[in-house]
Amino acid sequence: MTEIHRDPARGRGRAFMRWLVAAAFIFAVVVSGLFSGLTNKAGLFYLVFGSVAVAFMGFSRREIGAAFRHAAGSAGPPEDLKRAAYFWEAAARNAWILGVLGSALNFTVVLGGDSGGIADASSRMIQSFVVTLYGLVLAVVCLVPAMKLAGQTEMPRLQEKPSAAGLSGPGPVVPMIFERVTGYTLFAAVLGLTVFFLTKGQPPGGPIPLATVILHGPAILVVVGGAIALALFMGAGAGARALTLGFAMTGLVALFMGLIQAMFGFAHTNIQEVSAALAFIIAACFFALLGLVAVAAPLEDREVMAGRRDRPGPLSRMFWVVFPLLTFFFLLLTLIMVITPMKQAGGG
Amino acid sequence: MTAKRQESQGLDDLLRKVLADDLPADVAAGMRGRIDRFRADTIRDDKPTAARAWFFRRAVWAALSVLMLVAGGLLQGLGSRNRLADRIIQMKVEFASFESTRPPGVTPEVRGVSPDGSPIIRRKNHDRDS
């Protein structure tokens, strides 16, 4: 096995300097207050810890540690570097999806909570989009080591089944129970704490009303039911790709269903129909993204890291980029439709 | 250990005793491998219980998923009440009343406060810009 040789001390020193300069730059920007309007502490907390949680859902501690070591300039065989590159690519994907998911969650909390007037509600709704911006920035940061590591090696396609969890050579299948339990528990805690931080300043509505806002029955039924049906239709051979496709396709269908219903509502000047459609769009976005990031993506990561597949499916990769982007535009559209004045007529 | 496995063990021992000198090493190794695979398959076949088999039956999941999909579509189509939709109605009415009560020519500067307390200044002055 060929190993890529470099001067390890020099490489680590250069990597450290790069990270130091980047950290100093970010610190200077934050301290300058130039983008104080773009501050969303709850969103930042959610994104950073949410990314850590999702990483644990799909990767073992050993794999995460190796990915960090290689990103810091540690040498290794091409297989290890390729896996490390895949970890960083997956981290970028998670950051992007989590960013849009955070916007949807923030948006739901703002709409569902008791607002302090139009001005406050509007500013909070616009603030929710800042989380997507954070996600995008974090995705770019994670893509840097991914591209660097991928460029360092020209690894041939894995023809034979490689080791299960060890980053090189044959090895036993590493049990992922600890990582998975940690990942899902941490993710649930992060979601709960984020909602708590977002609702902290608002008049008390209690946790039960907020749960009734987030748990939108029809959207859950359509997204979960559709995803399972599509996954079953594609069969066991498709593996985790079936779930990615299932959640993304069902989410898309739900978004367009909601949009068409909203347009009919505007045509009939029926405020109730429009509102029901908007609620459906937001909730469907939320649950489809949640399914993608917490169920489908970690399973697909496991397939790649365990060597069952060479790489994620091209359709999965496309949906990981396109679906959150579409969701972002639909949330923007929803914001516009919410603030567009409408006289109550017909049903309203 | 089950009675079936005890019987297999006894048969194995008997075969080993009878054929101890006759089998070459590679044939013995091959046989051992086949016997182990056969045992593993038999043990695996015994494992799933009826409930587990029912749970993993594709038809059950297929029916359940289609039922969920149809129920979701119907609930949405029939306009079931939802708190989020109620809040959106409330917000839209607030926006509509704000627009209708705003005197013509007034371009309000809305000063909002973000969740963390940082100021956000937004100007809603379409008229002035145009």
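Which residues in α2(A) meet which residues in α4(A)? In this predicted model, the α2(A) side of the contact consists of A:Gly43, A:Tyr46, A:Leu47, A:Gly50, A:Ser51, A:Val54, A:Ala55 and A:Gly58. They meet A:Ala90, A:Ala91, A:Asn94, A:Ala95, A:Leu98, A:Gly99, A:Gly102 and A:Asn106 of α4(A). By class, this contact comprises eight nonpolar residues, eight polar residues and no charged ones. The axes of α2(A) and α4(A) come within 9 Å and cross at roughly 135°. An angle over 145 degrees would count as roughly antiparallel, and 65 to 115 as roughly perpendicular; α2(A) and α4(A) are therefore oblique to each other. Their crossing is right-handed.

Helix α3 of chain A spans residues 61-71. Its buried residues are A:Glu63, A:Ala66, A:Ala67, A:His70 and A:Ala71. Viewed down the axis of α3(A), these buried residues fall within an arc of 130°, so they line one face of the helix. An α-helix has 3.6 residues a turn, so residues three or four places apart point the same way. The cover over the buried residues of α3(A) includes α4, α6 (130-152) and α11 of chain A. Just after α3(A), A:Gly73 adopts a positive phi of about 110°.

Chain B contains six helices and two strands. Along its sequence, the elements of chain B follow the pattern α-α-α-α-α-β-β-α. Of the 130 residues in chain B, 12% are buried.

Between the two chains, 48 residues of chain A are in contact with 38 residues of chain B. On the chain A side, at least two residues each are supplied by α2 (41-58), α4 (78-112), α5 (118-128), α8 (207-214), α9 (217-234), α11 (271-305) and α12 (314-339). The helix that gives the most to this side is α9(A), with ten residues. The side of chain A that touches chain B has 26 nonpolar, 18 polar and four charged residues.

Conventions:
Residues numbered from 1 in each chain as written. Chains lettered and ligands numbered in written order. Predicted model: local features only at pLDDT ≥ 70, side-chain atom pairs only at ≥ 80, totals over all residues. Contact = placed C-beta atoms within 7 Å. Helix = DSSP H or I, 4+ residues; strand = E, 2+ residues; numbered from the N terminus. Nonpolar A, V, L, I, M, F, W, Y, C, P; charged D, E, K, R; others polar. Buried ≥ 20, exposed ≤ 12 C-beta atoms within 10 Å, placed from the backbone. Arc of directions from axis to C-beta. Axes fitted to C-alpha atoms, helices over the stretch in contact; angles between N-to-C directions. Parallel < 35°, antiparallel > 145°, perpendicular 65-115°, else oblique. Left-handed = near helix turned anticlockwise from the far one by under 90°.
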